[in-house]
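Subject: Structure for your review

Dear colleague,

Please find below the structure that I was asked to pass on to you. My notes on it follow directly after.

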Amino acid sequence: MAVQECRERGTAATVACGTAARELGLRPREFELAVQLGHVRTVSVAAGGRPRVAREEIERLRSGAGFPESLRNRLWAVGTAEAAQLMGVSPARFARLARAGCFAPVRFYVNRYRAVVWHYLAADLVEFADANPELLTGRTDPALRMELEERDDQRARSWRARRLGQLTVLTADPWERAAAVAAVLAPDQLADAVPDPYERAYLSLLRPDLAGIRTDSAAARDVIERVTLAVDADEIGRHRERLARALAAARVVRPAPKPDGYAPVPRPAAGPALAPAPEPEQGPEEDREVQAAAAPAAPAGLRGWLRRLRRIE
C-alpha cells in the first residue's frame, strides 16, 4: 500500500509530456528538442513507464525571464536557407561551412526524395558568426577554402557526437550510457567489441532511438541508418574505446542480467592469419544476406526474457 501511495503522490506531482508542452507553449517537436537539449528535465515515476515532467520544473521555466519567448528562442531550429539568411551568407557558403563541421546539426529528417534535411540551432549559428566574422564575408583564404572543400561531409558525424553527448548527460544509469554509445556501432562492430551475448542483448534492450524518426519506408530507414551509424575507421575506433570504458563502469555497478548457471565463453586467442578462400561474386542484396546470416545471434528467447526482467525492475 505504501508503494502505491508513493506512486500516486509522484504521479500527482508530475504531468504527462503532452500536458507539459501545452503549458509551456511548445509544439511537440519543440518540446522533444527541449528535452534532448536539457532545457526541460523529465522524471520517471514507474519502471518502464513514460517520462513525465514535474510541476516544479514547469513553474521554474514559466517563472524565467522573458518566458515563453526566451525558451522558444533557445529551441529555434532552422534549415539551410533560413540559416544562410540568418548568418548573412550565401547558401553555398553556408553549406560549405556546415559540411566542414564548423557547427553541428541539432536534428534531421528524410524528405520524400530520400535526402537528409539538416536543421541547426539558430543560437549556435549566431555564436559561430560572432566568433568567426572572417569566414562570412569577402573571399575565403585559398588554403582554408581548399581545406573546407576537401573535408568529408562532417554533418552526420557531428550530429552523432552531439546526440551522444545529450544522451549521456540525460541518464545517470551506466548501462544506459553504454547503450547510447553502442547505438552508433553496426551489429558486426558491436559483436566484436562486446563478445558476451547477454551484455549485447542488454545493450540492445536499453538502446535509445537516436533519430526519433518513425517511418514505414524501408528506403527511409536505410537513410536514417546511414546517418546514425559511425562509418569512418577513426570514429568507430573512438566509439569502441568509449564503449569499453562505459562497460567497465557499468559492470562495477551491476552485471548484465544472465540466467542462472550461465558462464561466458572465452574468446579464442588470435592465431596466425590465413589467406582467405576465394568467394563468389555477390550483389548488394546477396552480400547483406550473407552478413546477416554470419552475424552472431543472441540465445533463443533472450529478448523476451530481458523485457520481462526490465518490467520487473
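I begin with helix α15, residues 233-253, which has 21 residues and reaches 30 Å from its first C-alpha to its last, close to the 30 Å expected at 1.5 Å a residue. Please bear in mind that this is a predicted model.

The buried residues of α15 are Glu235, Ile236, His239, Leu243, Ala246, Leu247 and Ala250. Seen down the helix axis, these buried residues fall within an arc of 110°, so they line one face of α15. They pack against four other helices: α10, α11 (174-182), α12 (187-193) and α13 (197-206). On the face turned away from the buried side, α15 carries the exposed residues Ala233, Arg238, Glu241, Arg245 and Val252.

Next, the strands. An open sheet is formed by three strands in the order β3-β5-β4, with antiparallel pairing. β3 (77-78) and β4 are its edge strands, since each pairs on one side only. As background, strands of a sheet pair through backbone hydrogen bonds, either parallel or antiparallel.

Two bridges join β3 to β5, and valine 78 stands opposite tyrosine 120 in β5. Between β4 and β5 there are four bridges, again in the antiparallel sense; valine 110 has valine 116 of β5 as its bridge partner. The hairpin of β4 and β5 has five residues between the strands, and there arginine 114 takes a positive phi near 65°.

The largest nonpolar core has 33 residues, and the members that touch the most others are Met87, Phe94, Phe103, Phe108 and Leu125. Helices and strands both contribute: the elements giving two or more residues to this core are α6 (80-87), α7 (91-99), β4 (107-110), β5 (116-121), α8 (122-131), α10 (155-170) and α14 (218-228).

Phenylalanine 94 illustrates how these parts meet. Apart from its neighbours within four places in sequence, phenylalanine 94 is in contact with Thr80, Ala83, Ala84, Met87, Val89, Phe103, Tyr120 and Leu125. Tyr120 is also the residue of β5 that valine 78 stands opposite.

Finally, is serine 158 buried or exposed? Serine 158 has a relative accessible area of 15%, and because buried means under 20%, it counts as buried. Its place is in helix α10. Beyond its neighbours within four places in sequence, serine 158 is in contact with Phe103, Ala104 and Pro105.

Yours sincerely

Methods: Residues are numbered from 1 along each chain as its sequence is written. This is a predicted model: local features need pLDDT of at least 70, side-chain atom pairs count only at pLDDT 80 or more; totals for chains, interfaces and linings use all residues. Side-chain values use heavy atoms; hydrogens and water are left out. A nonpolar core is a set of buried Ala, Val, Leu, Ile, Met, Phe, Trp, Tyr and Cys residues joined through side-chain atoms within 4.5 Å. Buried means under 20% relative accessible area, exposed over 50%, partly exposed in between (1.4 Å probe, protein chains only). Contact means heavy atoms within 4.5 Å. The expected span of a helix is 1.5 Å times one less than its number of residues. The arc is that of the directions from the helix axis to the C-beta atoms. Two strands pair if DSSP finds at least two bridges between them.
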